[in-house]
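I opened this notebook page to record what I looked up in one structure. The entries follow the order in which I consulted it.

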Amino acid sequence: MEFDDSLSTSMGDFGEQTQDLEIPESLPMMAVRDVVVFNYMIIPLFVGRPGSIEAVNEGLNSNKLLMLVTQKDPTKDDPEDKDLYDVGMVSMIMRTLKLPDGRLKVLVQALSKAKVRSYLQKKPFYRVEIDLIEEPETPEITVETEALMRTVREQTEKIMSLRGILSSDLMMIINNIEEPGRLADLVGSNLRLKISESQRILETVDPTDRLRLVADLLHKELEVSTVQAKIQSDAKEEMSRSQREYFLREQIQALKRELGDEDSYSQEIEELSKQLRKKKMPKYAKKEARKQLRRLEMMHPDASEATIVRTYLDWFLDLPWKQSTTDVLDLKVAADVLDEDHYGLDRIKERILEYLAVRKLNADTKGPIICFVGPPGVGKTSLGQAIAKAMGRKFYRLSLGGMRDEAEIRGHRRTYIGALPGRILQGLKNVGANNPVFMMDEIDKIGDDYRGDPSSALLEVLDPEQNNTFSDHYMNLPFDLSKVMFITTANRSDTIPGPLLDRMEVIQLSGYTLEEKMVIAKKYLLPRQIKENGIKVSQIKLDDATLEIIVSRYTHEAGVRNLERALGKVCRKIARKVAEGGKGPYVISEKTVEKYLGPPRFLPETELDTSSQPGLVIGLAWTEVGGELLHIETSVLPGKGKLLLTGQLGEVMKESAQAALSYCRSRNKMLGVEPDYFDKVDIHIHVPAGAIPKDGPSAGITMTTALFSAISGKAVKRGIAMTGEVTLRGRVLPIGGLKDKALAALRADITKIIIPEENQKDLVEIPEELRKKITFYPVRHMDEVIELTLGNISARKNQAKLVVVKDDK
């Protein structure tokens with residue numbers, strides 16, 4: 001149902017004729033929307049809903065009376081009784097006209113205010129029982145009431161004048177009304193108030209109270225109308241000024257054409273001016289751009305500075321000051337996209353979904369600063385691409401490895417020849433949006449020299465409290481980076497400067513287990529290599545047993561890069577056979593895998609004779625490429641009490657060796673040697689792979705066990721690895737990287753690991769399927785390590801397992 005915009009008026013004479021009309025208690029009811037009908041109003045209604053047409057016909061067939069109530073929500077086409085106000089107007093149908101489209105145009109006049117008592121019928125139209133609300137008799141007009149009426153008349157005149165709808169006829173009617181209630185109804189019906197406000201006026205019975213409520217609403221509307229009129233006036237002035245400038249510019253162009261002075265430079269200036277007017281950017285940026293454009297107009301086209309200013313203006317037009325992409329805030333879709341591209345990595349996926357959930361509830365939330373730390377090949381960079389895809393954002397990658405110039409981040413000042421903005425703004429220009437997923441790779445390999453410190457320049461970029469006003473040296477204006485989702489990657493966090501690391505949320509990505517690598521190979525790597533090498537899935541047959549051999553015997557890494565290379569090598573050899581006319585399918589089995597990949601590059605630790613001799617112990621170390629095994633060899637030679645350390649050991653490892661020797665000297669009785677024994681021998685500790693530098697405290701208990709084994713002549717049992725820092729008193733202190741070390745042990749088929757007792761809390765980070773394969777032995781003191789490795793460990797085994805199970809629970 002729609003309503004005419006014509007002004008509703010009050011008909012006093014007709015109202016007096018209907019004063020004595022008897023109104024029955026039961027009437028058909030019609031819901032109206034977008035309007036509240038007041039006493040004595042005459043208003044045309046366009047009736048189109050079937051139920052409303054039925055109600056009008058019922059009223060025409062009986063006594064021409066109809067109850068009109070207003071909908072609370074005007075958008076509902078089929079309102080229920082709870083969607084309607086209770087108080088409305090009993091109205092008389094004065095005239096009807098059937099329109100060609102089937103609707104009715106009905107002219108009605110409101111007679112009396114009434115309240116719905118109950119609903120007698122709801123289909124095909126509403127029929128209700130009503131209680132009439134009698135209008136109280138108007139008391140004697142007091143001075144206060146008279147003042148109130150004058151205020152209402154004056155404010156009404158002002159508002160209508162500001163809105164441009166002032167009518168002398170209407171003001172004459174308003175000035176002639178002496179009853180407060182009728183004045184309130186007439187003014188309320190012509191002010192275009194909100195439905196809820198108009199209904200409040202209708203439901204107020206006392207005439208003086210009703211007029212006072214209208215006066216309050218008028219005061220509010222007058223303030224709004226005044227501000228609105230000022231805005232319109234300012235806009236009109238601005239438009240007039242713009243039109244004048246446009247007219248003058250057109251005259252100048254016409255004169256130039258007549259004189260033959262029009263050239264491409266003027267056209268270029270005009271084109272830049274048009275683009276600047278259309279470009280959405282902050283006021284301060286637009287002000288600076290216009291200033292530079294005016295400078296450019298005054299320059300000669302061949303001036304050297306003209307090129308600099310022209311390039312500067314191009315950057316104003318190219319930067320996405322207010323251009324954003326729309327985020328995909330459907331959490332289920334985002335989760336499906338992340339699962340489609342990456343296997344596992346549950347913590348990271350959960351963090352991204354948390355951010356999307358917050359973004360859904362609070363659109364103004366700032367972008368997070370996340371740092372993925374993990375060994376190469378675990379999917380840090382590709383994970384950033386998957387995050388951008390899941391969020392529906394653009395993706396940009398910036399490599400920070402080897403970056404030494406601060407200007408790479410902040411840009412060069414325009415005084416230099418060939419100056420450009422920094423890589424941050426260049427990236428935003430390339431993607432054309434101010435809210436991309438911006439990945440900064442290898443943040444741990446950033447450098448510094450005499451040209452500045454890029455890591456210090458990144459402090460502003462990666463600080464959510466500061467990057468909304470990031471200032472590039474070239475643009476020399478604040479640019480808002482708060483909507484950008486920055487993701488950084490690193491192989492290790494200890495080389496990242498402390499203040500920079502403090503600004504980022506670090507998420508560790510450990511290596512993959514054998515099972516995870518097999519799933520990744522089957523789901524992602526092998527299909528990709530088959531596609532890239534141009535062969536068909538039906539032309540290659542690779543079972544799980546063969547795939548396990550490729551993973552365990554031909555790769556030895558935390559990630560999956562070498563695994564993909566191995567699968568690519570297999571696919572290339574098959575592609576050659578197919579290109580030479582072969583049809584396949586080609587079966588890669590345990591017997592034929594060596595034809596494609598050669599002999600195995602790695603053997604399980606259980607197949608190597610490495611732990612059956614005294615003085616030889618396997619430790620676990622963490623490197624930037626993941627966990628690694630550390631073979632420590634110790635020999636006792638006749639000598640004069642010297643300690644020889646070889647294998648390119650760092651200072652921390654040398655100190656661990658000194659502490660290990662001191663512990664062994666304090667346990668000479670346990671070793672069964674004389675106190676002066678250590679003065680008569682030289683001890684040589686060697687860590688193989690001497691070309692690789694090694695350092696860190698976690699080899700402490702390994703060195704101590706190797707010394708104890710060499711001196712006692714007892715060999716450490718096979719299949720045991722260990723990690724932990726040792727003190728002079730023999731206490732075993734906690735270490736880091738436990739998950740990576742456990743994965744390294746499992747890759748070598750080692751299933752027994754001795755760990756510091758304080759690291760039990762870290763076991764929850766290790767996947768459950770991994771914990772089932774490895775027995776962890778938490779120890780507090782070096783004496784326990786000696787008992788486990790050189791004594792009878794069967795008694796300790798069950799106890800250690802119980803500790804782990806208890807921790808899991």
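The entries below concern a sheet, the helices beside it, and one further helix.

Entry 1. I noted at the outset that the model is predicted. I then looked up the strand order and found an open sheet of five strands, arranged β10-β11-β14-β9-β15 with parallel pairing. The edges are formed by β10 (395-399) and β15 (505-508); each has a single partner strand, so one side of each is left without a neighbour in the sheet. On average, neighbouring strands of this sheet are turned by 20° against each other, direction ignored.

Entry 2. I examined β11 (residues 437-441) and β14 (residues 485-490), which run parallel and are joined by four bridges. Opposite M440 I found T488, in β14.

**Entry 3. Helices on the sheet.** Which strands does helix α13 lie across? I recorded β9 (369-373), β10, β11 and β14 for this helix, which spans residues 380-391 and runs at about 175° to β11. Helix α15 (residues 423-431) also packs on the sheet, where I found that α15 touches β10 and β11. The direction of α15 makes about 150° with that of β10.

**Entry 4. Helix α18.** I turned to α18 (residues 514-532) and located a kink of about 50°, centred on A521. A521 is itself buried, and the buried residues of α18 also include E516, K517, Y524 and Q529. I looked up what the buried residues of α18 pack against; among the partners are α11 (331-341), β16 (540-542), α20 (561-579) and α25 (738-747). Just after α18, I noted that G534 takes a positive phi of about 75°.

Technical notes. Residues are numbered from 1 along each chain as its sequence is written. This is a predicted model: local features need pLDDT of at least 70, side-chain atom pairs count only at pLDDT 80 or more; totals for chains, interfaces and linings use all residues. Side-chain values use heavy atoms; hydrogens and water are left out. Two strands pair if DSSP finds at least two bridges between them. Helices (H or I, at least four residues) and strands (E, at least two) are DSSP runs, numbered from the N terminus. Axes are lines fitted to C-alpha atoms, for helices over the stretch in contact, and angles run from 0 to 180 degrees between N-to-C directions. Contact means heavy atoms within 4.5 Å. The bend at a residue is the angle between axes fitted to the seven residues ending there and the seven starting there. Buried means under 20% relative accessible area, exposed over 50%, partly exposed in between (1.4 Å probe, protein chains only).
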